[in-house]
Amino acid sequence: MATTASQTGKEENKKRVEIFDTEENLAIDLAKYTADLSDKFCKERGAFTVVVSGGSLIKSLRKLVEVDSIDWSRWHFFWVDERVVPKHHEDSNYKLAYDSFLSKVPIPPGNVYAINDSLSAEAAADDYETCLKHLVKTNVLRVSDSTGFPKFDLMLLGMGPDGHVASLFPGHGLCSENKKWVASITDSPKPPSERITFTFPVINSSAHVALVVCGSGKAEPVQMALNKTGSVPAGSVSAEEELVWFLDKPASSKL
Ligand SMILES: O=C1O[C@H](COP(=O)(O)O)[C@@H](O)[C@H](O)[C@H]1O
């Protein structure tokens with residue numbers, strides 16, 4: 001079903017590229033990958049901290065809701081980025097995840113960390129960072145020994161056609177933010193313009209990252225990121241334990 005396309009070199013030995021014949025097969029494997037990590041972390045530490053993006057990634061999580069063995073009560077659910085709009089707004093990443101995923105699984109509502117949508121972008125980013133710091137104090141969230149940034153168990157990320165991840169866009173100054181955990185952006189090139197986003201140090205301190213990309217429209221940024229033929233934010237993603245790129249055939253067509 002899947003081809004492991006690369007697992008190379010010293011610096012890249014934590015990176016795997018999986019290519020699937022169809023998006024359906026990708027979704028099946030992504031569900032198994034996530035369920036296995038859930039099982040491991042729930043056994044090891046009694047909690048599983050999971051971060052999602054918005055966009056097309058959410059559709060590819062549809063098989064996960066069918067996995068019976070998952071202990072949803074141990075899940076803590078976060079967003080890598082969010083648009084500063086009310087939670088019921090069509091542009092809300094919370095609404096997207098709620099409608100097709102959260103409403104179908106019994107994660108305790110208190111373990112779902114949505115942004116405060118009554119605040120400005122800057123205040124919402126500060127508020128989300130304060131929430132993460134509280135979860136570190138209460139041992140829900142780990143901290144990376146090597147970076148001092150929060151260490152999520154799993155980040156499930158999509159990538160835009162311009163190679164952006166989270167709300168970190170090509171050429172934007174936020175891509176080099178190295179102090180904040182959560183930053184605000186008010187000039188996003190993709191609407192809506194006001195958003196909050198995890199920074200690269202937080203993304204790259206994760207134990208596991210799955211970068212899920214489908215469709216021929218994204219083949220070029222995939223090539224730029226993986227073959228280093230150009231510079232796109234997705235090419236800067238890494239993980240402390242393992243980064244896995246989940247690609248369908250069209251997205252991998254330029255590799
Ligand atoms: O605006 C956003 O776009 C990216 C990519 O979305 P996609 O629909 O092209 O997969 C998404 O990962 C991010 O969370 C979202 O805010």
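1. The span of residues 22-245 is 27% helix and 17% strand, and its end C-alpha atoms lie 15 Å apart; helices (H or I, at least four residues) and strands (E, at least two) are DSSP runs, numbered from the N terminus. In an unreviewed UniProt entry, residues 22-245 carry the annotation "domain: Glucosamine/galactosamine-6-phosphate isomerase"; such annotations may be inferred rather than shown by experiment.

2. The model is predicted, and local features need pLDDT of at least 70, side-chain atom pairs pLDDT 80 or more, while totals for chains, interfaces and linings use all residues. Residues are numbered from 1 along each chain, and side-chain values use heavy atoms, without hydrogens and water.

3. Around the ligand there are 16 residues, of which Gly54, Ser56, Asp81, Arg83 and Lys218 come nearest; a residue is near if one of its heavy atoms lies within 4 Å. This shell comprises three nonpolar, eight polar and five charged residues, with Gly counted as polar and Asp, Glu, Lys and Arg as charged.

4. Of the 390 Å² of accessible area that the ligand has on its own, the protein covers 92% (Shrake-Rupley method, 1.4 Å probe).

5. Two backbone features deserve attention. The peptide bond from Pro191 to Pro192 is cis, with omega near -5°, and Pro192 lies in the loop between β9 (182-185) and β10 (195-198). Ala166, in the loop between β8 (154-157) and β9, has a positive phi, near 50°, although Ala166 is a residue other than glycine.
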